Amino acid sequence: AFIYQDGYWERKNVPGPKRDLIMGNLRALINPQNPSTLQLSKWTKEFGKIYGIREGWHNVLVISDLEMIREFLVKKFDCFNERKVKHHHQIDNMLKI
């Protein structure tokens, strides 16, 4: 089960950083010397505006494209569940209707 879960994004041809078999990318995201927002920003520069990470057992699709975020969170809100939003002033202003 671990190995199958670990290859989720590769099977979908979604780029992303290498991860630990059990912790996924959590070690990089909870590093006090490198806040998670900075790590996500580094990965966005490396992998592009859409990439996959794993937070423990949970596969997470990271989207950094503001128009795509607006599409998912406003226009197609009912089509997506379990959204996790890190608030950013640009996103907050963009989502205002």
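Which residues does Asn34 touch, not counting residues up to four places away in sequence? In this predicted model, Asn34 touches Ala28, Gln39 and Lys42, where contact means heavy atoms within 4.5 Å. Asn34 is placed in the loop between α3 (26–29) and α4. With a relative accessible area of 12%, Asn34 is buried; here buried means under 20% relative accessible area, exposed means over 50%, and partly exposed lies in between, with a 1.4 Å probe and protein chains only. The side chains of Asn34 and Gln39 are also joined by a polar contact of 2.7 Å. A polar contact is a pair of N or O atoms within 3.5 Å; within protein, one must be able to donate a hydrogen and the other to accept it, and residues adjacent in sequence count only if both atoms are side-chain atoms.

Because the model is predicted, local features need pLDDT of at least 70 and side-chain atom pairs count only at pLDDT 80 or more, while totals for chains, interfaces and linings use all residues. Residues are numbered from 1 along each chain as its sequence is written, and side-chain values use heavy atoms, with hydrogens and water left out.

Turning to the overall layout, the chain holds 6 helices and 2 strands, and its pattern along the sequence reads α-α-α-α-β-β-α-α. Helices (H or I, at least four residues) and strands (E, at least two) are DSSP runs, numbered from the N terminus. Of the 97 residues in the chain, 28% are buried. Among contacts between residues at least 6 apart in sequence, 50% join residues at least 24 apart. The accessible surface of the chain comes to about 7100 Å², and carbon and sulfur atoms account for 57% of this surface; the areas come from the Shrake-Rupley method with a 1.4 Å probe, and for residues only the protein chains shown count as cover.

β1 and β2 run antiparallel and are joined by 6 bridges; two strands pair if DSSP finds at least two bridges between them. Ile50 stands opposite Ile63 in β2. The hairpin of β1 and β2 has 2 residues between the strands, and Gly56 there takes a positive phi near 65°.

In soluble globular proteins, nonpolar side chains tend to be buried together. The largest nonpolar core has 7 residues, namely Leu29, Leu40, Trp43, Tyr51, Ile53, Val60 and Val62. At least two residues of this core come from each of α4 (36–47), β1 (50–55) and β2 (58–63). A nonpolar core is a set of buried Ala, Val, Leu, Ile, Met, Phe, Trp, Tyr and Cys residues joined through side-chain atoms within 4.5 Å. Leaving aside neighbours within four places in sequence, Leu29 is in contact with Ser36, Gln39, Leu40, Trp43, Ile53 and Glu55.

The loop between α2 (8–11) and α3 is where Val14 is found. Not counting residues up to four places away in sequence, Val14 touches Trp9, Tyr51, Gly52 and Leu61. Val14 and Ile53 are 39 residues apart along the chain, and their C-alpha atoms are separated by 9.5 Å. Asn13 has its place in the loop between α2 and α3. Although Asn13 is not a glycine, this residue has a positive phi of about 55°, and Asn13 is exposed, with a relative accessible area of 70%.

Charged pairs complete the picture. A salt bridge is a side-chain nitrogen of Lys or Arg within 4 Å of a carboxyl oxygen of Asp or Glu, and by this rule the count comes to 3 salt bridges. Arg19 pairs with Glu10, with the closest N and O atoms 2.3 Å apart. Arg19 is buried, at a relative accessible area of 16%, whereas Glu10 is partly exposed at 45% relative accessibility. Asp65 and Lys49 meet through their side chains in a salt bridge of 3.7 Å, N to O. Asp65 lies in the loop between β2 and α5 (66–75) and Lys49 in the loop between α4 and β1, so this pair ties together parts that are 16 residues apart in sequence. Lys75 forms a salt bridge with Glu71, where the closest N and O atoms are 4.0 Å apart. Both Lys75 and Glu71 lie in helix α5, 4 residues apart, about one turn of the helix. Lys75 is exposed, with a relative accessible area of 57%, and Glu71 is partly exposed, with 26%.
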